[in-house]
Structures are given as structure tokens and as C-alpha cells.
Amino acid sequence: MTYYQEFEGIVLFQLPHREKDALVKIFTKEHGKMMFFLKNLQQNNHPLKAASVPFSKAVFLGHISDQGLSFLKDSRDLVHCTSVFEDIYKNAYATYMMHLADAAIEDRIKSVALYQLLDESLFALQKTDCPQLVVHYFEIKMLAFFGLKMNWEHCAFCQQTKGAFDFSIPQQSIICSRHFDEDPYRMQMSPKALHIARQLAFIKSPRQLGQVHLHSETLADLKRLMDEIYEEYVGIHLKSKKYIEQMIDWEKKLTQIKK
Ligand SMILES: [Zn+2]
């Protein structure tokens, strides 16, 4: 007899399988990430069509297999991320967030903390006018799940907590202006961008971000910092990240043409 149970989950991504079927990867709150097999999902009238779209959140009824593929039977309380799904930028950022969460922990490892981070960040992404900032918040918080701890609190050399700071990649820490010489390759961050990075590290929820309007230079600086930290210490190269880079490139080219 097949045993079904209810669990909450966020759809990370979907892969077509053969002609009509699909594999759907869901981050479940109760059991961690897991791949589900959905027979005939590619047919239009499939009852789980809406619930199995990426970024959807729902309470699912399914069979959790200990080793192989698991199966879904039903869903309820579906939260559809329409604004994210339909916005090309938010869609790209959300896809990257899903892939980053997928890369951070093994399948079938329960992590309510990571689940909540993903859930809250996805919610913030829906509401925000500045998706890039939400993604940088997510990236900063994700570092802990990759086993990293950056020091955003005080200078690596003198414990100073106030004043002008920069970021040192080798120190994995902010450094104060008196110790800039300690790292000749410091990130040369603008004070504004570094201040925002520290705020992102300190706040407990992306809901605290509110509506902020940052200059493109500040966002570019934040991105440079995150890219450098991820390149140096996380070392994963996601296709969805590359797609964001291309998107930013296209946008730059388009604004140049418009000028
Ligand atoms: Zn110092």
C-alpha cells in the first residue's frame, strides 16, 4: 500500500521527462529537497500543473520514497508567484536563488532555516522594486549554508565598528581605513555600498529591506563584492547566474542605444 503524507514545499525547478512526464524538484520544509515524478504533467489538464510551476509554494500530498523518486498526488493552499514568474528580471533572479539553494545542501537533508530564507526572499522578490538587492540579501545569508562566516561587524585588525570601511577578501572581513594598507587588493567599495552590505548582513528578514532606491553604481559595487566572495570561497558556477550577467549586459546595451 502506498503511504501518502502532507508536506509544505517550494518548487525549485521542473524538467520535462520523456514526452508527457516531468520531474519536479521541490524544497520541502519537512524533508529537505527532493525530486518528484509527475506522470503526464505536460498535458494541459493535469491537476498539479499550476502547483508544479517553479517558485510555487503549496501544501502537497505525496508519497516520499526513501531512496528513489517520490510522487505527488494533490496540492492545496497554492501560492503562485505570478509577479515573479511574469517579470523577466525577477524570474531570472528567482531561478538563480532556487539553484543556489539547491547547490547549498544535499537532497533529503531537512533545513527549516534554509527553507525559510528561500520562502521569505521569494516573497520579498515579489514585492520589491529592487530585485537585485533582495538577491544580494539572499547571497549574504546563503554564505552560512556554504559553511562561511564573513565578519561584517568590526575591522579584522582593530575591532573598530564605526567609521570608513572597505572589504578584504583574504581576511573575510571588513577593514577600517586605518588598516587599508593591510590589504593592497581590498575591494575599493564605495562607503554607501559597504554600508548597505553590512545592513544586509545584520537584518534578520528581507521584509526589513523596505522599498529602497539605490544608484546603479551602488548596486554594481554590491554585485562586485558578492561575485568576488562567491568566486573565491563558494566556487560554484551556475548557468542561471550567467544568464543574469547576460541580462544586465543586454540592458546596458539597450540603454546605450536609447541614448
Ligand atoms: Zn582597523
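Guide: Let us begin with a definition: a cavity is a set of grid points where a 1.4 Å probe fits but cannot get out. By this rule, the model, which is a predicted one, has 1 cavity of 30 Å³ or more.

Visitor: How do you know that the largest cavity belongs in that count, and what is its volume?

Guide: The volume of the largest cavity is about 70 Å³, and the count takes in cavities of 30 Å³ or more.

Visitor: What makes up the lining of the largest cavity?

Guide: Its lining consists of Tyr93, Tyr96, Gln132, Val135, His136, Glu139, Lys223, Asp227, Lys241, Ile244 and Ile248. At least two of the lining residues come from each of helix 2, helix 4, helix 6 and helix 7. Helix 4 provides the largest share, 4 residues. Sorted by class, the lining of the largest cavity has 5 nonpolar, 2 polar and 4 charged residues.

Visitor: Which helix gives the most to the lining of the largest pocket, and how do the residues divide by class?

Guide: Helix 7 gives the most, with 8 residues. The classes of the lining are 10 nonpolar, 6 polar and 10 charged.

Visitor: What is the volume of the second largest pocket, and which residues lie nearest its centre?

Guide: The second largest pocket has a volume of about 430 Å³. Among its 19 lining residues, Ile140, Lys141, Ala144, Trp152 and Ala201 lie nearest the centre. Helix 3, helix 4 and helix 5 (191-202) each contribute at least two residues to the lining. Helix 3 gives the most, with 4 residues. By class, the lining of the second largest pocket comprises 12 nonpolar, 2 polar and 5 charged residues.

Visitor: Why is helix 2 called roughly antiparallel to helix 3?

Guide: The axes of helix 2 (residues 88-104) and helix 3 (residues 112-127) cross at roughly 175 degrees and come within 11 Å. Angles over 145 degrees count as roughly antiparallel, and therefore helix 2 is roughly antiparallel to helix 3.

Visitor: Which residues of helix 2 and helix 3 meet?

Guide: In helix 2 they are Lys90, Tyr93, Ala94, Met97, Met98, Ala101 and Ala104; in helix 3 they are Leu114, Leu118, Ser121, Leu122, Leu125, Gln126 and Lys127. This contact of helix 2 with helix 3 has 10 nonpolar, 2 polar and 2 charged residues.

Visitor: What makes helix 3 and helix 4 roughly antiparallel or roughly parallel?

Guide: Their axes lie 9 Å apart, at an angle of about 170 degrees. The cut-off is again over 145 degrees, so helix 3 is roughly antiparallel to helix 4. From helix 3, Leu114, Leu117, Leu118, Ser121, Ala124 and Leu125 take part in the contact, and from helix 4, Pro131, Val134, Tyr137, Phe138, Lys141 and Met142. The contact of helix 3 with helix 4 divides into 10 nonpolar, 1 polar and 1 charged residues.

Visitor: How many helices and strands does the chain have, and what pattern does it follow?

Guide: The chain has 7 helices and 7 strands. Along the sequence the pattern is β-β-β-β-β-α-α-α-α-β-β-α-α-α.

Visitor: Which domain does UniProt list for residues 6-74?

Guide: An unreviewed UniProt entry gives residues 6-74 as "domain: DNA replication/recombination mediator RecO N-terminal". In the model this span is 0% helix and 57% strand, and its end C-alpha atoms lie 9 Å apart.

Technical notes:
Residues are numbered from 1 along each chain as its sequence is written. This is a predicted model: local features need pLDDT of at least 70, side-chain atom pairs count only at pLDDT 80 or more; totals for chains, interfaces and linings use all residues. Side-chain values use heavy atoms; hydrogens and water are left out. Axes are lines fitted to C-alpha atoms, for helices over the stretch in contact, and angles run from 0 to 180 degrees between N-to-C directions. Angles under 35 degrees count as roughly parallel, over 145 as roughly antiparallel, 65 to 115 as roughly perpendicular and the rest as oblique. Contact means heavy atoms within 4.5 Å. Ala, Val, Leu, Ile, Met, Phe, Trp, Tyr, Cys and Pro count as nonpolar, Asp, Glu, Lys and Arg as charged, and the others, Gly among them, as polar. On a 1 Å grid over the protein atoms alone, a cavity is a set of points where a 1.4 Å probe fits but cannot get out, and a pocket is an open set with protein on both sides within 12 Å along at least five of seven lines; lining residues have an atom within 4 Å of a point. Grid points are joined across faces, edges and corners, and a volume is the space filled by probe spheres set on the points. UniProt positions are given in the numbering used here, feature names are shortened, and annotations may be inferred rather than shown by experiment.
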